[in-house]
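Biologist: Please put the sequence and the model up, and then we can go through the model point by point.

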Amino acid sequence: MAKRLTMMLLRNLIFLPGILIKLFWYAKSDKVSEEKKYALIRRIGEIGCKKGNVTVHGYGFDNLPKESGYIMYPNHQGLFDVMGLVYLNPNPFGVVIKKETYKVPLLRQLVQTLGGLFMDRDDIKQGLQIINEMAKQVKEGRNFLIFPEGTRSKNGNRMGEFKSGSFKAATKAKCPIVPVAIIDSYLPFDRNSIDKVDVQIHILPPIPYEEYQGMKTTEIAQMVRSRIEKVITENEHRFNQK
């Protein structure tokens, strides 16, 4: 991670002070619109990708629901996952992320600017409160992203198990579930290299509430995981990266 992140920062020294000032301001302000905040995060993502030798290939973005109020469920490979999705997704969304991120400068401000929520994975009561808050906001028309694995897989393109609790938000909000397959997103930061890398993000067809209504959350989790796994298996060797 250190080499690529350092390269990104060094290649953006001219713009960095202004971006950081705006980021810290937006993170705390409730007077700046969600669209304006999201535009800043997208700009950061765009600069980071271009200056960091990372090409993000997007597929199926026309599958995103035309109306806001949906939840994206991607597999989780690393810190680059959200950056890649923000870079390609024109629709503002919030993110649910582990509370440990709150202690990391810059990451905290990035999540706050996205209007994200910090979840304590060791506190069942707090976790339920976050799920309920996300469902409430989705009902009000916001889009969200939550990683059903709970933490990154640390095993390349092999996924961990999907936790069924993350799907309670969708059942409460009665919203479309958007499966997202992320491929090779561990390469930018998990390898101490600055070589060019390609990341794939596949937006799968959304699953409307009518399709999963009445299913147990364990069954929903398995269904979403299976669809994502199929796309990963079919596409993971597209760029023959080692």
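Biologist: In which loop is D184 found?
Modeller: Helices (H or I, at least four residues) and strands (E, at least two) are DSSP runs, numbered from the N terminus. On that numbering, D184 is found in the loop between β6 and α8 (187-190).

Biologist: What is left out of the side-chain values?
Modeller: This is a predicted model, where local features need pLDDT of at least 70, side-chain atom pairs count only at pLDDT 80 or more, and totals for chains, interfaces and linings use all residues. Residues are numbered from 1 along each chain as its sequence is written, and side-chain values use heavy atoms, leaving out hydrogens and water.

Biologist: Is D184 buried or exposed?
Modeller: D184 is not a glycine, yet its phi is positive at about 65°. Buried means under 20% relative accessible area, exposed over 50%, and partly exposed in between (1.4 Å probe, protein chains only). The relative accessible area of D184 is 5%, so D184 is buried.

Biologist: Is K174 buried or exposed?
Modeller: K174 lies in the loop between α7 (168-173) and β6. Its phi is near 55°, a positive value in a residue other than glycine. Because its relative accessibility is 52%, K174 counts as exposed.

Biologist: Which strands stand at the edges of the sheet?
Modeller: The sheet is open and has seven strands in the order β1-β7-β6-β2-β5-β3-β4, with mixed pairing. Two strands pair if DSSP finds at least two bridges between them. One side of each edge strand is left without a neighbour in the sheet, because each has a single partner strand; the two are β1 (54-59) and β4 (117-119).

Biologist: What angle does the direction of α4 make with that of β1?
Modeller: From one strand to the next, the twist averages 25°. α4 packs on this sheet and touches β1, β2, β3, β5, β6 and β7 (197-203), and the angle between its direction and that of β1 is about 60°.

Biologist: Which residue of β6 stands opposite P74?
Modeller: Strand β2 (residues 71-74) is paired in the parallel sense with strand β5 (residues 144-146) over two bridges, and I71 stands opposite F144 there. β2 is also paired in the parallel sense with strand β6 (residues 177-183), over four bridges. In that pairing P74 stands opposite V180.

Biologist: Which residues of β2 are buried on each side?
Modeller: In a regular strand the side chains alternate between the two faces of the sheet. Both faces of β2 are covered: I71 and Y73 are buried on one side, and on the other M72 and P74.

Biologist: With which residues is M134 in contact, leaving aside its neighbours within four places in sequence?
Modeller: M134 is in helix α6 (residues 124-139) and counts as buried at 0% relative accessibility. Contact means heavy atoms within 4.5 Å. With the sequence neighbours left aside, the contacts of M134 are I71, V96, L117, F144, I146 and A169.

Biologist: Which residue of β5 does V96 stand opposite?
Modeller: Strand β3 (residues 94-98) is paired with β5 in the parallel sense, over three bridges. There V96 stands opposite I146.

Biologist: How are the directions of α3 and α4 related?
Modeller: Axes are lines fitted to C-alpha atoms, for helices over the stretch in contact, and angles run from 0 to 180 degrees between N-to-C directions. Helix α3 (residues 34-51) and helix α4 (residues 80-88) pack with their axes 8 Å apart, at an angle of about 110°. Angles under 35 degrees count as roughly parallel, over 145 as roughly antiparallel, 65 to 115 as roughly perpendicular and the rest as oblique. That makes α3 and α4 roughly perpendicular.

Biologist: How many nonpolar, polar and charged residues has the contact of α3 with α4?
Modeller: On α3 the contact is made by Y38, I41, R42, G45, E46, C49 and K50, and on α4 by F80, M83, L85, V86, Y87 and L88. Ala, Val, Leu, Ile, Met, Phe, Trp, Tyr, Cys and Pro count as nonpolar, Asp, Glu, Lys and Arg as charged, and the others, Gly among them, as polar. By class, the numbers are nine nonpolar, one polar and three charged.

Biologist: With which residues is N235 in contact, apart from its neighbours within four places in sequence?
Modeller: N235 is in helix α10 (residues 217-235). At 10% relative accessibility, N235 counts as buried. Leaving aside those neighbours, N235 is in contact with I183, Q200 and H202.
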